[in-house]
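Hi everyone, thanks for making time this morning. Let me put the sequence and the structure up on the screen, and then we'll walk through a few places together.

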Amino acid sequence: MAGAVLDHAFLPSEQNPLSSFPLDAGSSGYANVRRFLLDGRRPPRAVVRLEELVNYFTYNYTAPKPEDKEPLAASLEVASAPWEPLHRLVRIALKAREQPAGERGTVVARNVAIQVEFNPAQVQAYRLLGYENPKPGLENRDGDKSGAVDFESGHAVTAFYEIVPTAGNRIAETGDRKDKRADSSVSGIPNPILQKLLTVKIRYQAPDGAESRLLELPLTDQGTAFADASRDFRFAAAVAEFGLILRDSPYKSGATLADVLRWAEPATGLDLGGARSEFISLVKRAETILPSQG
C-alpha cells in the first residue's frame with residue numbers, strides 16, 4: 001500500500017556490512033500509543049514508532065566521568081532474541097557525560113554520528129528495529145556527517161539490531177543429536193568462538209574543536225541467553241516486542257502480549273517514577289483490546 005510504513009527487512013551482511021541509525025530518537029510516540037490504548041483503540045501502525053517506545057524509558061547506562069577523556073560512553077550487549085531464540089539481539093546505547101547543573105547545554109559533543117560494521121563471518125543478516133525512516137544499511141556509508149547530532153549533557157539513545165548468525169555459528173538440536181554446548185540455558189545461541197560480531201564506530205567533535213574524533217568499539221558474542229542478559233536489556237527488548245505486536249509486524253514471530261509481560265515484569269527493577277509499572281499496566285490494557293495477542 002502506498003505510503004505504508006514498512007519494517008526494515010533483513011539485510012545480508014556480505015552485501016551490506018555497514019549500517020547506521022539516527023541518534024536523536026524522540027519519545028513522544030509512547031504518549032501517542034498510550035492515548036489510543038487508554039481510549040480502547042488499537043493505535044494505527046504508523047503511530048507505533050518502536051524506537052520512541054524504547055527510548056521513552058530511562059536505563060542504567062554508565063556515563064563518562066568528568067575526568068574521562070571521551071565525552072561519550074557506549075553500552076553494548078548481545079543475547080538471544082526472546083521471540084526468535086536462534087537469532088541474536090544486539091543493544092547499542094550511547095550516553096553523554098553529565099555536566100554540573102550550571103554547565104549544562106551543548107559543552108559535551110558535536111556532530112555525533114554512528115556507524116555499525118557487521119562481521120560477515122559471524123553475521124549472515126541483520127535488521128534494525130524501528131527507525132523506519134531513513135532506510136538503514138546504505139546511509140552514512142563513508143562516515144560522513146549525514147544525520148549527525150549534538151549531544152547535550154546526559155543525552156542517551158538506544159537501538160536494537162536483530163541478527164541471524166551464520167550457519168556455522170548456530171547451535172541446533174535435531175533428533176537425538178545435541179551439541180554438547182547446547183544445554184537448556186543456551187540452546188539455540190551462536191557458538192561463542194570469541195570472534196568479533198560487529199564494530200561500533202562513533203565520530204564526534206569536541207564542543208570547542210573542529211577536529212573529528214573516532215571511537216571504535218568491538219562487540220564479541222559470548223553466547224549469553226536472554227534470561228541471563230541485564231535487566232535493562234530484557235525490559236527494553238520487551239518494549240520493542242510490544243511495538244512489533246502493536247504494529248502487527250511480520251517480524252514479531254510467535255511472541256504474544258503475555259510473553260511481553262513475562263519478559264518485562266521481572267525486569268521492572270527499582271522503577272523510580274513508576275514508568276515501567278505503567279508500561280506493565282498498558283500491556284495488560286492492550287490484552288483487552290487485542291485479545292488474540294494475549
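Let's start at Asn119, which touches Gln195, Lys196, Leu197 and Leu198, leaving aside residues up to four places away in sequence. Please keep in mind that this is a predicted model. Where does Asn119 sit? You'll find Asn119 in the loop between β5, residues 109-118, and β6, residues 123-128. Now look across to Lys196: Asn119 and Lys196 are 77 residues apart along the chain, and their C-alpha atoms are separated by 6.8 Å. A polar atom of the Asn119 side chain lies 2.7 Å from the backbone oxygen of Lys196.

Let's move on to the helices. As a reminder, two packed helices are described by the angle between their axes and the distance between the axes.

Take α3, residues 231-246, and α5, residues 275-289: their axes come within 12 Å and cross at roughly 30°. Angles under 35 degrees count as roughly parallel, and α3 and α5 are therefore roughly parallel to each other. The crossing of α3 past α5 is left-handed. If you'd like to click along, the α3 side brings Arg231, Asp232, Phe235, Ala238, Val239 and Phe242, and they meet Arg276, Phe279, Leu282, Val283 and Ala286 of α5. Sorted by class, that contact of α3 with α5 has 8 nonpolar residues, 3 charged ones and no polar ones.

Now the other partner, α4, residues 257-264. How do α3 and α4 pack? The angle is about 165°, and the axes are 8 Å apart. With the line for roughly antiparallel drawn at over 145 degrees, α3 and α4 are therefore roughly antiparallel to each other. Their crossing is left-handed. From α3, the contact is made by Arg234, Phe235, Ala238, Glu241, Phe242 and Ile245, and from α4 by Leu257, Val260, Trp263 and Ala264. In the contact of α3 with α4, 8 residues are nonpolar, 2 are charged and none is polar. Phe235 is one of the α3 residues meeting α5, and Phe235 also takes part in the contact with α4.

Last stop, salt bridges. How many salt bridges are there? The count comes to 17. One I'd like to show you joins the side chains of Arg34 and Glu278, at 2.9 Å from N to O. This pair links distant parts of the chain, with Arg34 in α1, residues 28-38, and Glu278 in α5, 244 residues apart.

Notes. Residues are numbered from 1 along each chain as its sequence is written. This is a predicted model: local features need pLDDT of at least 70, side-chain atom pairs count only at pLDDT 80 or more; totals for chains, interfaces and linings use all residues. Side-chain values use heavy atoms; hydrogens and water are left out. Helices (H or I, at least four residues) and strands (E, at least two) are DSSP runs, numbered from the N terminus. Contact means heavy atoms within 4.5 Å. A polar contact is a pair of N or O atoms within 3.5 Å; within protein, one must be able to donate a hydrogen and the other to accept it, and residues adjacent in sequence count only if both atoms are side-chain atoms. Axes are lines fitted to C-alpha atoms, for helices over the stretch in contact, and angles run from 0 to 180 degrees between N-to-C directions. Angles under 35 degrees count as roughly parallel, over 145 as roughly antiparallel, 65 to 115 as roughly perpendicular and the rest as oblique. A crossing is left-handed if the near helix is turned anticlockwise from the far one by less than a right angle, and right-handed if clockwise. Ala, Val, Leu, Ile, Met, Phe, Trp, Tyr, Cys and Pro count as nonpolar, Asp, Glu, Lys and Arg as charged, and the others, Gly among them, as polar. A salt bridge is a side-chain nitrogen of Lys or Arg within 4 Å of a carboxyl oxygen of Asp or Glu.
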